Amino acid sequence: MDRFRMIFQYFQSSSESVMNGICGLLALASVKMYTCFDFSCPCLPQYNMTYGLGIMFVPPIILFLCGLILNRQSLLMLDEWRRPEGHRKKDLAVIRYMCSSIMQRATVAPVIWIIVTLLDGKCLICAFSGSMDPEKFVRFANVTPVQVEQLLAKVPCKDDELMRNNISHKAVSRYLRCWSQALGWSILLILIVAAFLARWLRPCFNQAALMQARHWSNYIDIEQKIFEETCCEHSRLFAHKCILHFFESMQQEIKLHRFNMPREGEGDEGEEDLLQGITDQDKVNKLLKTWYYEKPPMDVSQATQR
Amino acid sequence: MDKFRMIFQFFQSNQESFMNGICGIMALASTQMYSAFDFNCPCLPHYNMAYGLGILLVPPFILFLLGFVLNNNISMLAEEWRRPQGQRGKDSAVLRYMFCSMAQRAMIAPAVWVSVTLLDGKCITCAFCTSVPVETLGNTSHPLLSQGEIQRVLARIPCKEIYNGQELIANEVAVRYLRCISQALGWCFVLLMTTLAFLVRSLRPCFSQAAFLKSRYWSHYIDIERKLFDETCAEHARSFAKVCIQQFFEGMSTDLVAARCHLPRKAPEDAGEASKKLLGITDRGTMNMALKSWHRCKPPLHLHSPAFPSGNGWAGEGQPPVYPSVPRRETAAYYSLV
C-alpha cells in the first residue's frame, strides 16, 4: 500500500515535471539540430535573403508545433474547451491558465533556435549581405552595380575564388555579424527580464484565482489518467468473464452432445475445475475453432447474475 | 488487489510506450542507416536521376513496411477483420482506429529518412545536376559542343575529382544552388508533416471525441481478450498435461501390478508423501519400462475421469466403475481392469 502511494505521488507530481522535461528536451534538440545542420548560403543575389530568413524562421515554427503536439495538456485543454457542458460547468479561467502554460512551454525551443541563430551570425550575413551599402567598403567602389550586387551576394561564401583575395568581404562579414550578435543578446536580455518580471509580479495580481486555476487544471489531468486506468481494468475483467463464460458454455454444449459420465461437482477438485470438462484433443480443437468462427457476444450479464 | 492494479497499470501504459519506443528506435535507426550509407553518385547523364530518386524514395517505403511488420497489433487487426461474424458484430470504426494508429506510427521513420536526405542535399544534387540553369549561373558563351556533351559535363558535378566543366559553370556555384533548393524542400517537407500532425491531433477533440473513446476502448479490449485467451489456454494445457501424465503413471503402475504379480497396493499408510509420489514405481527396471512406454506409446489425448473416489474401487469391494460408452480411438494396454 505504501509503495502504491509513493508511486501515485510520483505519478501525480510527474505530470508537470514530464512537461518540463519534454520542453527541455526540445530545447536541447533545437541546439543539436542547429549544430548538425549544414548551413550553405547559395550566394546568389535573389536567393540569399529567402534562404537566410527561411532558416531563421521556418524551424522555429516547426519546433513550436512540435511543442504543442508533444504536450499532453494541449489535448486536455481542447477536450475541456469543446466538451458539451452536461452536469459540469466550464470554467474559462482554468482553460485560459492551461492555454497560457502550454504556450509558454511551447515557445521555449523556437526562441532558443532564433537566439542561437542570431548569436552565430551566419543567417543574417547570408540574408543581408546583398543589402549592404557599397560606399562604406572601399574595394567595391569601382565596379558596376550589377557586379557589386554579385560580389556582395558572394560575401558569405568565403572560399569562393573571387572572395579569397578580397579583404572587403571580411569587413562586411564582421559588420553584419556584429549586428546579428547585438540583436541576439538584446532579445535574450529582454526575454529574461520579461520572464523575471512576470514571475515576480504575479503574486501581486490575483493569487487566489491563480491557485484555483492551477489546482483544477491539475485535477483534470489526474481525472483523465484515472479514467483511462479504470477503463483498462474494466476491460480486463470483462475479458476474463467473457472467456470463462465461453469455456462454460462449451462445457455445457459438450454435455448435451456427447453422453459423458455425468460429472458430479463434489468429487472434482483441483485440476478438474481448471479443465472445465474439456478433456480430449477433439474437444480442445472444437473449442479453438468455435473461438475463431463464433466469438461470444460481448454480454457478460448472465455470467454476473449466476 | 493494489499490487495487481499497479502491475496492470504498468503493463497497460507499457504497451503504448512500448510501441512509441519502437517507433523512436526506428527513427534513430533510419538516421543511423543514412549516415552509415556510402552515397555514390554515378555521375552519368541518365543514371543520376534514377539513383538519386531511388535513394530518396525506396528506403522510406521499406521502412514503412518494416514499421508494420514490427508492430504486434497487425496480426490482431487482420484477425479481427477476417473473422466470421458469429455472435459478435463487427465494428468498422474499431478497425479504422487500429489501422490509423498503426499507420501513423509506421510513417515516422520514412518521414525522418526523407527529411534527413533532403536536408543533407546529396540526393537532390545527384538527381538534378543536369537541370542546373547554366544560363543564369554559368556562361553559355563558352564554345562547347552539343547538348549531349553539356549534359555529360553537368552530370559530373557531384563528383568533384572528375569534373571538367569549370569554365562552363563553377562546381561550387552549382553545388550551392542545388543544395539550397534541397534544403528548402527539406524544411518545407518537415513543416508540412508537422502541420498535418498538429491538425490531426488538435481537430480530433473538436469533432468526434466520443466515437474516438469508444474505438479506443474496444481496440484495447480486443487486445486484452486475445492475451487472456492465450493465457487461459496455456493454463488449460498445463492442467491437461498434468492429469494426462498422472493417469499414465497410474496406468503403468496398474499394468505392472497385473504383469508382475506384485503384492497389490502395498500402500503403507505410514509411508508419507514421498512414497506416494513414487506412484508404485520403485526400481530401475520399472522406471525404464515406464520411460520406454512413454516414448514408444504415448497415451491418447483423452483423459478418462477419475472414477475411483477414495475408499472405493480397487480393492474390489465396490462395483467396478461404469465406463462411458465413448469409442476409444487408440488401444491403451494399460487400462486393464483387474
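Q: How far apart do the C-alpha centres of domain 1 of chain A and domain 2 of chain A lie?
A: In this predicted model, the two C-alpha centres lie 47 Å apart. Domain 1 of chain A covers 1–204, and domain 2 of chain A is made of 209–255 + 278–293.

Q: How many residues of each domain of chain A are in contact?
A: Domain 1 of chain A contributes 14 residues and domain 2 of chain A contributes 15 residues.

Q: What area is buried between domain 1 and domain 2 of chain A?
A: The size of an interface is often given as the accessible area lost when the parts come together. Between these two domains of chain A that area is about 1400 Å², with 62% coming from carbon and sulfur atoms.

Q: How many salt bridges and polar contacts are counted between the domains of chain A?
A: There are 2 salt bridges between domain 1 and domain 2 of chain A. A salt bridge in chain A joins the side chains of E223(A) and R88(A), at 2.7 Å from N to O. On the side of domain 1 of chain A that touches domain 2 of chain A, the elements giving two or more residues are α1, α3 (72–82) and α4 (92–106). By class, that side has 7 nonpolar, 3 polar and 4 charged residues.

Q: What does the domain assignment give for chain B?
A: Chain B has domain 1 (1–207) and domain 2 (209–257), with 43 Å between their C-alpha centres. The contact involves 19 residues from domain 1 of chain B and 14 residues from domain 2 of chain B.

Q: What area is buried between the domains of chain B, and which residues of domain 1 lose the most?
A: About 1500 Å² is buried between the two domains of chain B, and carbon and sulfur atoms give 57% of this. On the domain 1 side, M76(B), Y97(B) and R204(B) lose the most area to domain 2 of chain B, together 36% of what that side buries. Across this interface of chain B the rule finds 0 salt bridges, and 1 residue pair is in polar contact, both at pLDDT 80 or more.

Q: Which cysteine is joined to C41(A) in a disulfide?
A: A disulfide is a covalent bond between the sulfur atoms of two cysteines. The partner of C41(A) is C126(A), with S to S at 1.8 Å. The torsion about their S-S bond is about 85°, so the disulfide is right-handed. C41(A) sits in the loop between α1 (2–36) and α2 (47–70) of chain A and C126(A) in helix α6 (residues 122–128) of chain A, so the pair ties together parts 85 residues apart in sequence. Over all chains the structure holds 4 disulfides.

Technical notes: Residues are numbered from 1 along each chain as its sequence is written. Chains are lettered from A and ligands numbered from 1 in the order in which they are written. This is a predicted model: local features need pLDDT of at least 70, side-chain atom pairs count only at pLDDT 80 or more; totals for chains, interfaces and linings use all residues. Side-chain values use heavy atoms; hydrogens and water are left out. Domain bounds come from an automatic or database domain assignment. Contact means heavy atoms within 4.5 Å. Buried area is the accessible area (1.4 Å probe) that two parts lose on being put together, summed over both. A salt bridge is a side-chain nitrogen of Lys or Arg within 4 Å of a carboxyl oxygen of Asp or Glu. A polar contact is a pair of N or O atoms within 3.5 Å; within protein, one must be able to donate a hydrogen and the other to accept it, and residues adjacent in sequence count only if both atoms are side-chain atoms. A disulfide is a pair of cysteine sulfur atoms within 2.5 Å. Helices (H or I, at least four residues) and strands (E, at least two) are DSSP runs, numbered from the N terminus. Ala, Val, Leu, Ile, Met, Phe, Trp, Tyr, Cys and Pro count as nonpolar, Asp, Glu, Lys and Arg as charged, and the others, Gly among them, as polar.
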